[in-house]
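Subject: Structure for you to look at

Hello,

Here is the structure I said I would pass on. Please open it beside this email and follow along.

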Amino acid sequence: IYRIGLLIFGIMLTSFGIYELPTIFTSKSNLTQIKGTLRAADTYVSTVTDRRGHSSQKSELIFYLNERKQKYYFVENIGDKYDNDKYETILSGLKRADTVSVWIKKSKVDEYEPKVFQIDGDKTTLLDFESVKTENGALTAFMLVLGLGSIVGYFWSRYPDKFNNILGFE
């Protein structure tokens, strides 16, 4: 029964890794710039608790532009801290800017909550494209390697003779 669990674990991790790949391989030419004026923006910190009772803080940045009916949303776990300097810096830049530009995928222009790859306030970059693109890169690579390794481990434990023959161990 542990074998089937290994296979399911491998398929899940590989799926999550593949889901994140388009973000990592996004280029600036796949993005479109949306300009507007800030309607509302705020940051929030709230406590989240997992199934085992461990608590941590979740930080959120949410803002809206007057010209679009879209919500721009960011969230990250900040551990035991009660503030997120990164989001506070972005918020302050948004509030100071006369115009705000967000960069999203061209294919997601009509979505209510598109993934934002870059934020510019007037002529200042508040959130850099490269940092968004690569923020989950290491995690994605880890999930893919572990997932594919788990799938290979399942098949190796299920068909050891065929694997040994393929690898030339016989």
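Below are notes on the overall fold, the salt bridges, the surface patches and a few single residues.

This is a predicted model, in which local features need pLDDT of at least 70 and side-chain atom pairs count only at pLDDT 80 or more, while totals for chains, interfaces and linings use all residues. Residues are numbered from 1 along each chain as its sequence is written, and side-chain values use heavy atoms, with hydrogens and water left out.

Overall fold

The protein chain has five helices and seven strands. Helices (H or I, at least four residues) and strands (E, at least two) are DSSP runs, numbered from the N terminus. Along the sequence their order is α-β-β-β-β-α-β-β-β-α-α-α. The protein chain is more spread out than a compact globule, because its radius of gyration is 21 Å, well over the 15 Å that the globule rule gives for 170 residues. That radius is taken over C-alpha atoms, and the globule rule is 2.2 Å times the number of residues to the power 0.38. Taken along the principal axes, the C-alpha atoms fill a box of roughly 70 × 40 × 25 Å.

Of the 170 residues, 34% count as buried. Buried means under 20% relative accessible area, exposed means over 50%, and partly exposed is in between (1.4 Å probe, protein chains only).

Salt bridges

How many salt bridges does a search of the whole structure find? The search finds four. A salt bridge here is a side-chain nitrogen of Lys or Arg within 4 Å of a carboxyl oxygen of Asp or Glu. Three of them are described here.

- E76 pairs with K86, and their closest N and O atoms are 3.6 Å apart. E76 lies in strand β4 (residues 72-79) and K86 in helix α2 (residues 85-96), so the pair ties together parts that are 10 residues apart in sequence. E76 is partly exposed at 26% relative accessible area, and K86 is partly exposed at 37%.
- K58 pairs with E60, with 3.9 Å between the closest N and O atoms. K58 counts as partly exposed at 26% relative accessibility, whereas E60 counts as buried at 13%.
- E111 and K108 meet through their side chains at 3.4 Å, N to O. E111 is partly exposed, with a relative accessible area of 35%, and K108 is partly exposed at 32%.

Surface patches

Patches are made of residues with over 30% relative accessible area and no salt bridge; like charges are joined within 9 Å, and nonpolar side chains (Val, Leu, Ile, Met, Phe, Trp, Tyr) within 5 Å. Accessible areas come from the Shrake-Rupley method with a 1.4 Å probe, and for residues only the protein chains shown count as cover.

Which residues form the negative patch? They are D42, D83, D85 and E88. Asp and Glu count as negative and Lys and Arg as positive, while His and the chain ends are not counted. The place of a charge is taken as NZ of Lys, CZ of Arg, CG of Asp or CD of Glu. D42 sits in strand β2 (residues 38-49) and is partly exposed at 33% relative accessibility.

A nonpolar patch of about 530 Å² is made by V152, W156, I166, L167 and F169. Helices α4 (137-158) and α5 each supply at least two residues of this patch. L167 lies in α5 and counts as partly exposed at 44% relative accessibility. Helix α5 (residues 160-167) lies largely in the open, because the number buried among its eight residues is zero. Just after α5, G168 takes a positive phi of about 80°.

Single residues

D122 is in the loop between β6 and β7 (124-127). D122 has a positive phi of about 50° although it is not a glycine, and it is partly exposed at 38% relative accessibility.

D120 lies in strand β6 (residues 116-121) and counts as buried at 11% relative accessibility. D120 and G93 are 27 residues apart in sequence, and their C-alpha atoms are 8.7 Å apart in space.

Y64 is in strand β3 (residues 55-65) and is partly exposed at 23% relative accessibility. Y64 and K133 are 69 residues apart in sequence and 22 Å apart in space, C-alpha to C-alpha.

Regards
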